Amino acid sequence: MHNLAKHQKQRNLVSISRGEIDANDKHGFILDSSERLVALQCVYDFNLDGLMFLRVEDITEVKSSATSKFHKSLLKQEGLLKKVPFGATFDLDCWNSLISQLLAEYEFMILESEAAEEADFFIGRVLKTTKTTVRGHFFSGAGKWAKAPEKLKFKDVTCCQVGTNYLNVYQRH
């Protein structure tokens, strides 16, 4: 589906569209995929910008254009291509297994629920996962921690991000 494995094997810089969820394409390198989830090394303004995990069911198009090929050559010239963790593997069976794996390396993460009637954006520490939910202590864009942990159902999660420039700045402060 969507030639994810082909793009991964060829190490193509791709644009991923999720027409029903997000008007903006995601750009990066496919690191791993399953029937349910895809792992992406994000690229933003010629910089590597953390890892993003998306639901495959939300993807409407994956393409690697002439512009993507040119941008990949620029990333190589900038010495960034060798920093992409090609060959990394992730437990992409479900959100629970993936987030459990990520918790071993990342203290902070972003979880998004973009397909719900009212989209949600959670940023902070994941405290616990169960078979169907993730519980975390999240904070606002103004850096204010929520008074109590919040719970999010895995069925509502559309995106998970770790190691992003955005998260790294918050984590330092």
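Biologist: Which residues lie nearest the centre of the largest pocket?

Modeller: Keep in mind that this is a predicted model. In it, Lys26, Tyr44, Asp49, Met52 and Gln161 lie nearest the centre of the largest pocket, out of 14 residues that line it. Strand 2 (22–33), strand 3 (37–44), strand 4 (47–55) and strand 6 (108–113) are the elements that give two or more residues to that lining.

Biologist: How much space lies in there, and what is the lining by class?

Modeller: The largest pocket holds about 310 Å³ of space. Its lining has 7 nonpolar, 3 polar and 4 charged residues.

Biologist: And the second largest pocket, how much space lies in that one?

Modeller: About 250 Å³. It is lined by 14 residues, and the closest to its centre are Leu13, His27, Val43, Asp45 and His71. By class, its lining has 6 nonpolar, 6 polar and 2 charged residues.

Biologist: Which element gives the most to that lining?

Modeller: That would be helix 2 (66–77), with 4 residues. Strand 1 (13–18) and strand 3 also supply at least two residues each.

Biologist: You listed Asp45 there. Where does Asp45 lie, and is it buried or exposed?

Modeller: Asp45 lies in the loop between strand 3 and strand 4. It counts as exposed, because its relative accessibility is 55%. Its phi is near 50 degrees, a positive value in a residue other than glycine.

Biologist: Switching to cysteines, as I'd like to know about disulfides. How many does the count come to?

Modeller: The count comes to 0 disulfides.

Biologist: Are Cys42 and Cys160 buried or exposed?

Modeller: Cys42 is buried, at a relative accessible area of 8%. Cys160 is buried too, at 0%.

Biologist: On to the inside of the protein. Which residues touch the most other members of the largest nonpolar core?

Modeller: Phe53, Phe90, Leu102 and Leu111 do, in a core of 31 residues. Elements that each supply at least two residues include strand 7 (120–129), strand 8 (133–138) and strand 10 (159–162). Helix 3 gives the most to this core, with 4 residues.

Biologist: Which residues of helix 3 are buried, and what do they pack against?

Modeller: In helix 3, the buried residues are Trp95, Asn96, Ser97, Leu98, Ile99 and Leu102. They pack against strand 3, strand 4, strand 6, strand 7 and strand 10.

Biologist: Back to Leu111. What does Leu111 touch?

Modeller: Setting aside residues up to four places away in sequence, Leu111 touches Ile99, Asp120, Phe121, Phe122, Val126, Val134, Phe138, Leu152, Cys159 and Cys160.

Biologist: What does the second, separate core include?

Modeller: That core has 13 residues, among them Val14, Leu40, Cys42 and Val62. Val62 lies in strand 5 (residues 61–63) and counts as buried, at 13% relative accessibility.

Biologist: What does Val62 touch?

Modeller: Not counting residues up to four places away in sequence, Val62 touches His2, Leu4, His7, Val14, Ser15, Ile16 and Ile30. Gln77 is 15 residues from Val62 along the chain, and their C-alpha atoms are separated by 24 Å.

Biologist: Last one: where does Ala146 lie, and what is it in contact with?

Modeller: Ala146 lies in the loop between strand 8 and strand 9 (150–153). It counts as partly exposed, at 22% relative accessibility. Leaving aside neighbours within four places in sequence, Ala146 is in contact with His137, Phe138 and Phe139.

Notes. Residues numbered from 1 in each chain as written. Predicted model: local features only at pLDDT ≥ 70, side-chain atom pairs only at ≥ 80, totals over all residues. Heavy atoms only, no water. Disulfide = S-S within 2.5 Å. Buried < 20%, exposed > 50% of the residue type's maximum accessible area, 1.4 Å probe, protein only. 1 Å grid on protein atoms, 1.4 Å probe; cavity = no way out; pocket = protein on both sides within 12 Å on 5 of 7 lines; lining within 4 Å. Points joined across faces, edges and corners; volume = space filled by probe spheres on them. Nonpolar A, V, L, I, M, F, W, Y, C, P; charged D, E, K, R; others polar. Core = buried A, V, L, I, M, F, W, Y, C linked by side-chain atoms within 4.5 Å. Contact = heavy atoms within 4.5 Å.
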